[in-house]
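Visitor: I have a chain on screen and some time to go through it. Can you walk me through what is there?

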Amino acid sequence: MRGAEFADLKAFVTIAEQGSFARAAGELGVSPSALSQTIRGLETRMGVRLFNRTTRSMGLTEVGSRLFARVQPLFDQFDEAIEEVNQLRDTPRGTLRIAAPQMALVHLLQPMLGIFQRDYPDVVLDLHSDESLGDIIANGFDAGIRLGKHIDQDMVAVRLGPDLRQIAVASPAYLEKNGTPKTPEDLREHRCINWRRAGQSSLYPWEFARDGNWFELQVTGSLIVNDCAVALQAAVDGLGITVWTEEWMKPLFDEGKLVPLLRDFSPPSRGFYLYHPSRTRMPPSLEAFIHVVRQVAMGNVEPAV
């Protein structure tokens with residue numbers, strides 16, 4: 001149906017509902033003469049008369065009554081659909097699908113889940129643990145979370161937290177037995193625990209900086225995993241050296257289970273960002289999600305009870 005045909009049928013239904021060309025014209029915001037011309041054009045194209053009109057009264061013909069009975073429910077459905085969209089536009093509701101690395105789920109999102117459900121009960125969060133760097137749109141997600149350095153420039157990115165420092169770590173028992181590396185290059189003489197992202201054949205690069213310049217270092221060892229949490233536990237168990245985010249390992253440092261290494265070669269870098277492709281108005285559910293994550297990260301909300 002072309003736009004003009006839709007508008008003409010809408011005019012026809014409004015006149016039938018109002019029982020008057022004048023009242024229908026007022027509702028549609030047009031003049032009665034323009035509305036009368038619209039209906040004459042519709043009747044000419046259809047080859048039938050839809051209204052019986054005199055100077056004092058107006059009524060539907062039999063054909064007009066049949067047409068009204070068929071199309072009027074359709075316009076009611078259109079109105080309901082538009083109202084539903086308006087509600088979704090203004091009120092957070094529906095399903096929000098987010099892809100994020102496992103550790104971002106644990107450290108950024110897990111603390112906010114109870115608060116989000118309390119404040120936005122009409123939103124269903126569909127969280128997917130994803131270590132890959134795949135296309136979130138092709139995979140059906142509304143948004144994703146990644147370290148800032150991994151976000152494409154054509155994406156809209158929203159910072160979710162502070163800069164983070166990735167450092168090498170090992171257990172006290174491992175260092176007592178094998179010695180402590182003093183420079184990144186010393187890692188080549190140690191057993192290192194590598195991990196790779198899902199869907200990638202290459203190992204996760206170990207990055208360091210010297211004199212303000214970042215560089216990657218290839219290390220070797222007898223263990224490769226595809227889960228960073230497994231790599232971290234292996235380091236706790238004394239199986240070698242691995243790298244991970246310093247801020248998230250503090251409990252392990254405090255308990256003496258891990259020792260930070262090479263901090264002078266590990267300056268902070270861009271932390272986690274939420275990213276999405278659209279530069280138009282953000283869906284209310286996504287706006288609400290970002291607000292809660294950032295407020296929880298800054299400690300500015302009351303815990304859910």
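Guide: A definition to start with: helices (H or I, at least four residues) and strands (E, at least two) are DSSP runs, numbered from the N terminus. With that naming, Leu 262 is placed in the loop between strand E13 (259-261) and strand E14 (272-276). Note that this is a predicted model.

Visitor: Which loop holds Asp 211?

Guide: Asp 211 sits in the loop between strand E9 (206-210) and strand E10 (213-217). Asp 211 also has a positive phi, about 55°, and is not a glycine.

Visitor: Buried or exposed, for Asp 211?

Guide: Exposed: Asp 211 has a relative accessibility of 73%, and the cut-off for exposed is over 50%.

Visitor: Let's zoom out. How many helices and strands are in the chain?

Guide: The chain has 10 helices and 14 strands.

Visitor: What radius of gyration does the chain have, against a compact globule of 305 residues?

Guide: The chain has 32 Å, whereas a compact globule of 305 residues would have a value near 19 Å. The C-alpha atoms fill a box of roughly 105 × 40 × 30 Å along the principal axes.

Visitor: What share of the residues is buried?

Guide: Buried residues are 40% of the 305 in the chain. The chain exposes about 17,000 Å², and carbon and sulfur atoms supply 50% of that area.

Visitor: What about contacts between residues 24 or more positions apart?

Guide: Such pairs account for 74% of the contacts in the chain with a separation of 6 or more.

Visitor: On to the cores. Which residues touch the most other members in the largest nonpolar core?

Guide: Ile 145, Leu 258, Leu 286 and Phe 289 do, in a core of 46 residues. Helix H10 (residues 284-297) supplies the largest share of this core, seven residues. There is also a second, separate core of 16 residues, with Leu 9, Ala 11, Ala 24 and Phe 51 among them.

Visitor: What does Leu 286 touch?

Guide: Leaving out residues up to four places away in sequence, Leu 286 touches Leu 96, Ile 98, Ala 143, Leu 274 and His 276.

Visitor: Where is Trp 195, and what is it in contact with?

Guide: Trp 195 is in strand E8 (residues 193-195). Beyond neighbours within four places in sequence, its contacts include Glu 131, Tyr 204, Cys 228 and Trp 244. Trp 195 has a relative accessible area of 2%, so it counts as buried. Its C-alpha is 9.0 Å from that of Val 230, which is 35 residues apart from Trp 195 in sequence.

Note on methods. Residues numbered from 1 in each chain as written. Predicted model: local features only at pLDDT ≥ 70, side-chain atom pairs only at ≥ 80, totals over all residues. Heavy atoms only, no water. Core = buried A, V, L, I, M, F, W, Y, C linked by side-chain atoms within 4.5 Å. Buried < 20%, exposed > 50% of the residue type's maximum accessible area, 1.4 Å probe, protein only. Contact = heavy atoms within 4.5 Å. Rg over C-alpha atoms; globule rule 2.2 N^0.38 Å. Areas by Shrake-Rupley, 256 points an atom, 1.4 Å probe, with all protein chains shown as cover.
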